[in-house]
Amino acid sequence: MASTRREFLLRSLGSFGAVMLGIERFGLLNAVAQSADYRALVCIFLNGGNDGNNMIIPYDDYPSYLAARGPSGLAIEQSSLLRTGVVPSVGAEFAFHPSLAGLHTLWGEGKLGVVCNVGPLLERTTRTSYQNRTARIPLNLFSHSDQINQWQTSVSDTASPSGWGGRSADEVGPLNVSVFSPVTSTAGTPIFTTGNLERPLAIAVAPTRLDAALRLDGFPNPPDNDPRYLEMKRLLSLDGGQTLVRGASRVTAAAVSMEGAIRFTGDPPVPPFPLNPRTSLGNQLEQVAKMISVRTELGMKRQIFFCSLGGFDTHNSQVIGGTPGTGTHASLLLQVSDAMKAFYDATVQLGVASDVTTFTLSDFSRTWVPNGTLGTDHAWGSHQFVMGGSVRGREFYGCAGSNATVFPTLAANGPDDTDQGGNARGRWIPTVAVDQYGATLASWLGVSNADLPAVFPNVKRFDPTTLGFLT
Amino acid sequence: MNSHTLRFGLIAWMTTCLLLCWSAINPAPSKAQSAGNLVRFLEQATFGPTPLLIVRLEQIGLEGFLEEQRTAPMTDYPDLEFWPQTRPASCTGDCQRDNYTYYQLQRHFFSNALYGEDQLRQRIAFALGQILVSSRSDVPLPSWMRTYQQLLYKSAFGNFRQLLYDVTVNATMGRFLDMLNNRCQTRTPPDVNICRNGLNSQPNENYAREILQLFSIGTFMLNQDGTRQLDSSGNPIPTYDQEIVEEFSRVFTGWILAPALSAPSSVGGTVPNYRDPMRVRLDSQGREDYHDKAPKKLLMGFQLAGGQSQTVELGAAIDNIAFHPNVAPFIGKQLIQHLVTSNPSPAYVGRISAVFTANANSPTQLFNVVRAILLDPEARGDFIDTATQPDFGKLREPVQFITNLLRAFNATSDGVLNSLNIGGSAIGSAEMSQDVFNAPSVFSFYPPTARVPGENALGPQFAVFSSLTSLRRANFANRIIFSNIPAAAPNRPTGTSIDLSFWDPLASNPERLIEALNQLLLHGAMSGEMRESVRVAVESVPVSNPRLRVRTAAYLIATSSQYQVQR
């Protein structure tokens with residue numbers, strides 16, 4: 001063990017002191033010995049509502065896609081599509097957007113799956129029960145903020161104070177042998193990352209060094225005997241009964257404490273990162289890979305990471321007129337694909353490809369029928385990618401809908417559309433609830449069946465509670 | 001700028017001395033307006049109390065200050081030329097920086113906040129800009145954003161209905177939320193009485209949804225005190241549904257940019273007009289061929305008959321939204337949250353709603369609302385009683401944290417504070433998750449519904465307060481208190497620094513030093529145990545190093561949660 005790492009371990013013990021309950025329970029050496037047991041979830045949130053309808057495109061049934069999206073200029077040319085081969089669960093061939101070459105490679109290698117038509121639900125909902133209003137439906141459908149919260153909390157009928165990433169961490173966090181936060185975000189602290197007990201750690205992204213991903217300037221190293229440092233920490237314990245002061249101190253005190261640990265991690269390389277050129281999502285996933293590479297030193301056996309990429313709210317100029325394979329959405333998907341592929345390759349090199357599962361979320365999908373400004377508007381159910389060595393890849397997952405397959409019927413005013421009549425836009429009613437999608441991931445991470453309802457309060461309303469996309 | 005800052009510095013030096021002497025001599029003011037109340041007022045109404053302003057407020061009182069602010073000349077953003085959307089290859093260096101980045105806008109935002117006389121107008125404009133959001137994310141040129149920010153400055157004390165109309169036809173907003181070039185849908189079979197020259201695509205729903213959800217009424221019916229109305233089953237009542245959004249999306253059709261402007265002479269040709277409001281699109285025979293002429297069903301059962309002119313329809317639709325009963329509590333509560341407290345009592349919201357509604361047709365409606373917010377009994381007083389109002393106050397957003405700290409110490413600054421990376425430490429406002437004029441989306445930097453971590457209380461700004469950004473705040477304080485933001489040619493002409501020399505004489509008496517800082521930074525609200533903690537650190541520094549004593553005290557207060565939270 002390198003001396004800096006050893007120093008780091010000892011230092012973690014010292015700086016966390018008595019609160020380092022995990023260390024007390026297992027002992028430091030156990031922490032190292034048991035390090036082979038590791039699992040992590042990596043959430044990639046596509047902010048703004050990713051157009052799933054141009055991400056996964058019917059290949060056999062291309063004419064109906066062309067008929068719906070061609071006149072508005074949004075139909076991607078069939079010859080440029082990345083074909084899936086016949087998808088076993090559907091019995092038809094589909095294709096990926098041409099930007100998704102990296103993910104298409106992983107699909108071919110069986111490391112990538114697609115979960116179809118997922119969205120927030122309160123109960124299984126059909127077109128009939130939606131339109132005659134007998135189904136209870138999520139609050140404020142088609143609103144960004146509401147649907148984002150519903151995706152991240154799995155709760156769609158009220159404002160939840162916590163998210164399912166944080167609540168999963170509440171369940172599996174005690175497996176960790178240190179109190180280093182099990183939830184780490186490279187994109188702020190959205191509700192997904194907040195548990196009832198666990199609070200997320202937000203860190204800086206690459207190219208900031210991992211050991212500077214949290215930094216507190218202006219003190220000697222180590223700072224522990226500096227009177228100003230000691231009083232700064234003491235002040236964080238004085239709230240005088242003021243709620244907002246207490247909340248701010250809770251965040252800052254954790255930051256100061258975790259900063260004391262992270263500054264000893266070094267900055268391990270995680271090839272094939274860095275990407276050239278660097279991208280927002282690439283920089284985030286690079287830092288996640290670095291965090292994973294020091295999992296043993298941090299005493300982590302279960303971790304949840306959160307990354308996000310914005311710009312998917314493509315009401316306008318989703319494609320460039322005349323060349324629908326280019327434009328905003330194509331650029332975003334390229335960034336997603338390249339960063340996810342590199343991240344998968346990094347986990348292979350770190351020897352944790354089967355211990356890390358990466359998945360996408362997004363506000364909603366977008367209308368099947370475009371608007372008149374080369375864009376699309378807000379819809380509902382969408383398709384999501386799941387990636388990793390434990391994914392049963394090269395397959396579509398979900399629940400059989402009106403057409404007896406997991407893939408929705410792509411038809412405005414059709415059996416899966418919320419809209420009726422000649423102006424119907426094609427907003428798919430989800431067949432898979434966020435609860436089922438999340439429960440599959442959380443179960444794999446280690447949340448027991450008995451504890452699933454603590455993480456997903458409404459999951460028992462859906463059958464099956466988990467889908468089979470992970471081994 | 002140099003002579004201005006010099007003069008400012010001199011005045012500030014004298015007034016700070018005045019303040020210190022005054023607070024030392026007169027620790028328990030007997031006047032009607034106590035020091036705590038005055039400093040608190042400036043925390044709420046400006047970008048931060050300055051010694052000079054505290055003295056001024058003491059002289060003229062709160063009402064006098066508000067009246068002075070109402071008529072204070074408006075600070076402008078720099079007059080930026082309109083350039084082509086694609087940068088000419090000849091435009092590099094300063095040309096590129098000034099016309100194709102937000103450098104000048106963001107710099108002037110901070111300069112105005114630090115030094116502008118029209119503090120209240122600016123503060124309201126900044127709050128409004130976080131409710132009626134436009135963002136660089138789809139507004140690439142700074143000249144385009146300037147038009148929008150000037151509109152907010154101009155409208156900050158005006159009428160809300162007028163503001164909503166002006167925002168709606170503003171070309172920058174038109175671009176940001178896609179009302180620009182939005183057109184009707186050609187029916188099958190075509191019906192020229194409804195849509196003369198549309199597409200076989202639906203109108204864009206973006207502006208229709210967000211003007212309702214974010215700019216005016218929100219998603220649920222509200223009582224005038226801001227609480228939700230409930231139906232007989234105890235469920236909240238939606239204000240609109242998807243169908244209403246689609247109806248409004250048809251109202252908002254037919255608007256295009258005003259005639260192109262001349263490009264800068266060095267470029268030649270014309271450039272898109274983001275200076276003037278959008279105009280009605282007409283075909284060669286003067287017909288509104290992009291506008292949907294069908295009847296439309298709007299809020300509260302109101303119907304547009306169809307066939308009316310595009311402008312008449314828009315005016316009626318804006319009336320329909322702006323005079324909806326939700327607007328007063330929806331907008332009023334958010335203004336309270338931006339200025340005073342994240343958790344106003346329903347009674348407070350109700351009082352402000354009443355002022356909002358009574359002034360619905362007043363040309364100074366927003367000024368009157370803001371005045372009521374600031375003079376409300378719930379906002380005033382020396383201290384907030386923690387026992388009865390534990391949830392009072394608001395976390396300072398990054399901009400407010402930066403400007404309050406700098407103004408308190410009469411900083412000299414070039415205003416380059418939005419994005420800063422000094423010695424590998426990222427300490428600008430953008431790095432604290434508030435990239436001015438570049439919010440991640442129309443949902444701004446943080447939602448009004450965000451909660452304080454681990455608490456039930458609302459704390460919108462906590463959505464951008466994380467382990468990462470809390471330490472960056474501390475690092476900003478460290479940089480500015482222990483050294484400075486150095487000048488760096490060409491984009492940081494002077495840098496930012498504060499002068500602590502006149503505090504040095506207090507250093508030999510830690511209690512006096514701490515009390516003076518307490519008055520200035522915490523309006524005198526520092527607790528006994530906090531005072532004791534700061535004193536321990538100050539006294540650990542030899543008396544022979546007075547500056548380090550001052551810095552130690554200032555750092556501990558500036559990084560404390562008591563300072564992060566404006567109470």
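Author: Happy to! Two strands count as paired here if DSSP finds at least two bridges between them. Please keep in mind that this is a predicted model.

With that cut-off, β3 and β4 of chain A qualify as a pair because 4 bridges join them, in the antiparallel sense. At V87(A), the residue standing opposite is A92(A) in β4(A). The hairpin of β3(A) and β4(A) has 4 residues between its strands, and within this hairpin G91(A) adopts a positive phi near 75 degrees.

Now for the other partner of β4(A). This strand, residues 92–96 of chain A, also pairs with β2(A), again in the antiparallel sense, over 3 bridges. Here P58(A) is found opposite F94(A) of β4(A). Put together, the 3 strands of chain A make an open sheet with antiparallel pairing, in the order β2-β4-β3. At the edges of the sheet are β2 (56–58) and β3 (82–87) of chain A, each of which pairs on one side only. From one strand to the next, the twist averages 35 degrees.

From the sheet, let's move to how chain A meets its partner. The contact between the chains draws on 62 residues of chain A and 66 residues of chain B. On the side of chain A that touches chain B, the elements giving two or more residues are α7 (144–153), β7 (201–202), α9 (227–235) and α10 (243–262) of chain A. Of these, α10(A) supplies the largest share, with 14 residues. Sorted by class, this side of chain A has 25 nonpolar, 25 polar and 12 charged residues.

In one, helix α8 (residues 160–169) and helix α12 (residues 310–322) of chain B have axes that come within 10 Å and cross at roughly 130 degrees. The helices α8(B) and α12(B) are therefore oblique to each other, and their crossing is right-handed. From α8(B), the residues F160(B), R161(B), L164(B), Y165(B) and T168(B) meet L314(B), I318(B), D319(B), I321(B) and A322(B) of α12(B). This contact has 7 nonpolar, 1 polar and 2 charged residues.

In the other pair, the axes of helix α14 (residues 346–358) and helix α15 (residues 365–375) of chain B come within 9 Å and cross at roughly 160 degrees. That angle makes α14(B) roughly antiparallel to α15(B). The crossing of α14(B) and α15(B) is right-handed. On α14(B), the contact is made by R351(B), I352(B), V355(B) and F356(B), and on α15(B) by N368(B), V369(B), A372(B) and I373(B). These residues divide into 6 nonpolar, 1 polar and 1 charged.

Methods: Residues numbered from 1 in each chain as written. Chains lettered and ligands numbered in written order. Predicted model: local features only at pLDDT ≥ 70, side-chain atom pairs only at ≥ 80, totals over all residues. Axes fitted to C-alpha atoms, helices over the stretch in contact; angles between N-to-C directions. Parallel < 35°, antiparallel > 145°, perpendicular 65-115°, else oblique. Left-handed = near helix turned anticlockwise from the far one by under 90°. Contact = placed C-beta atoms within 7 Å. Nonpolar A, V, L, I, M, F, W, Y, C, P; charged D, E, K, R; others polar.
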